[in-house]
Amino acid sequence: MDSGDLIRTTDLCRYYRRGPQEVRAVDGVNLSITKGEFLSIVGSSGSGKSTLLNLLAGLDTPTGGGIDVAGERIGQMSRWQLADYRATRIGIVFQSFNLVSHYTAQKNVELALYFTDVARSDRPKMAAAMLDRLGLGDRLDHRPADLSGGEQQRVALARALVKRPEILLADEPTGNLDQTNTEQLAALLAELHSEGLTIVLVTHDLALADRSAQRVVRMHYGRVVDGEMPPTGEVRP
Ligand code: ADP
Ligand code: MG
């Protein structure tokens, strides 16, 4: 393993059984993500992007193969280590924001610090500072319903970042945003990347991937294929 690798997957597989049918959602993925890299994973719907991201996040367990994070295999971590990995080293943003509707923006962000060792008394100001950083300093007391889609996604981003993770995993974060808010989010990601954050952006928006990421890989039927290559088995004319 290269010393610069933050995450490395080896023959990573996740199969689902649906009755007699086996769905190979992730089917032998070998992928290295370098510290500080901005990687984008593209592919059509059903190609396995979310499954791969959930595996990287430690939210799902591989059927085969493995994932090493800074040289340590996720499957061999103790429950405590895995919880710590999820709580402090990884930040995740989803398409559907997943905010708690009856909490304010600030409280939603504070929740992310619940499972960390940040002192309770420090949590409100850390949440407020991160929201301010993302341009929501005047929206701390707003509930999700009183925020625009773009603002809700920035609250979700603040929630992912407030614990200062090493790596941000984003699953179609612009899927529910209009063009203006997509551009705003892309600009924020670029800024965070320039400050050293490792980012994995999953999107079906090729244009967004191309202009945001340093490296774009494409998934096809659970496999990672080079962005420029035709799907396995196809011959280019
Ligand atoms: P993407 O995010 O690229 O749209 P997914 O990772 O969500 O793709 O899904 C990949 C494949 O795995 C799809 O065929 C999907 O139907 C299947 N799949 C995903 N989750 C499950 C599940 N919990 N049970 C069975 N099949 C699933
Ligand atoms: Mg998906």
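Strand S4 (residues 64–69) and strand S5 are joined by two bridges and run antiparallel, strands here being DSSP E runs of at least two residues and helices H or I runs of at least four, both numbered from the N terminus. Within this pair, valine 69 stands opposite glutamate 72 of S5. The structure is a predicted model, in which local features need pLDDT of at least 70 and side-chain atom pairs count only at pLDDT 80 or more, whereas totals for chains, interfaces and linings use all residues. Residues are numbered from 1 along each chain as its sequence is written, chains are lettered from A and ligands numbered from 1 in the order in which they are written, and side-chain values use heavy atoms, with hydrogens and water left out.

The S4 and S5 pair belongs to an open sheet of four strands in the order S2-S1-S4-S5, with antiparallel pairing; two strands are taken to pair if DSSP finds at least two bridges between them. Because S2 and strand S5 (72–73) stand at the edges with a single partner strand each, one side of each is left without a neighbour in the sheet. The loop between S4 and S5 holds alanine 70, a residue that is not a glycine and yet has a positive phi of about 45 degrees. Alanine 70 counts as partly exposed because its relative accessibility is 48%, where buried means under 20% relative accessible area, exposed over 50% and partly exposed in between, with a 1.4 Å probe and protein chains only.

Strand S8 (residues 198–202) is mostly covered, five of its five residues being buried. Thr198, Val200 and Val202 point one way from this strand, while Ile199 and Leu201 point the other way, and all of them are buried. In a regular strand the side chains alternate between the two faces of the sheet. S8 runs parallel to strand S3 (residues 38–42), to which four bridges join it, and phenylalanine 38 stands opposite isoleucine 199 in S8. Strand S7 (residues 167–171) is likewise parallel to S8 and is joined to it by five bridges, with leucine 169 opposite valine 200. From S7 the chain crosses through helix H6 (residues 179–194) to S8 in a right-handed β-α-β crossover, a crossover being right-handed if, with the strands pointing away from the viewer, the path from the first strand over the helix to the second runs clockwise.

Aspartate 205 occupies the loop between S8 and helix H7 (206–212) and, at 28% relative accessibility, counts as partly exposed. A polar atom of the aspartate 205 side chain lies 3.1 Å from the backbone nitrogen of leucine 208, a polar contact being a pair of N or O atoms within 3.5 Å, of which, within protein, one must be able to donate a hydrogen and the other to accept it, while residues adjacent in sequence count only if both atoms are side-chain atoms. Another loop aspartate, residue 117, is found between helix H3 (105–111) and helix H4 (123–133); aspartate 117 counts as exposed, at 77% relative accessibility.

The shell around ligand 1 consists of Tyr16, Arg18, Val23, Ala25, Ser44, Ser45, Gly46, Ser47, Gly48, Lys49, Ser50 and Thr51, a residue being near the ligand if one of its heavy atoms lies within 4 Å of it. Strand S1 (5–18), strand S2 (21–34) and helix H1 (49–56) each supply at least two residues of this shell, and H1 gives the most, with three residues. An N or O atom in the side chain of arginine 18 is 3.0 Å from a nitrogen atom of ligand 1, and one in the side chain of lysine 49 is 2.8 Å from an oxygen atom of the ligand. For threonine 51, a polar side-chain atom lies 2.6 Å from an oxygen atom of ligand 1. Taken alone, ligand 1 exposes 560 Å², of which the protein buries 64%, accessible areas coming from the Shrake-Rupley method with a 1.4 Å probe and, for residues, with only the protein chains shown counting as cover.
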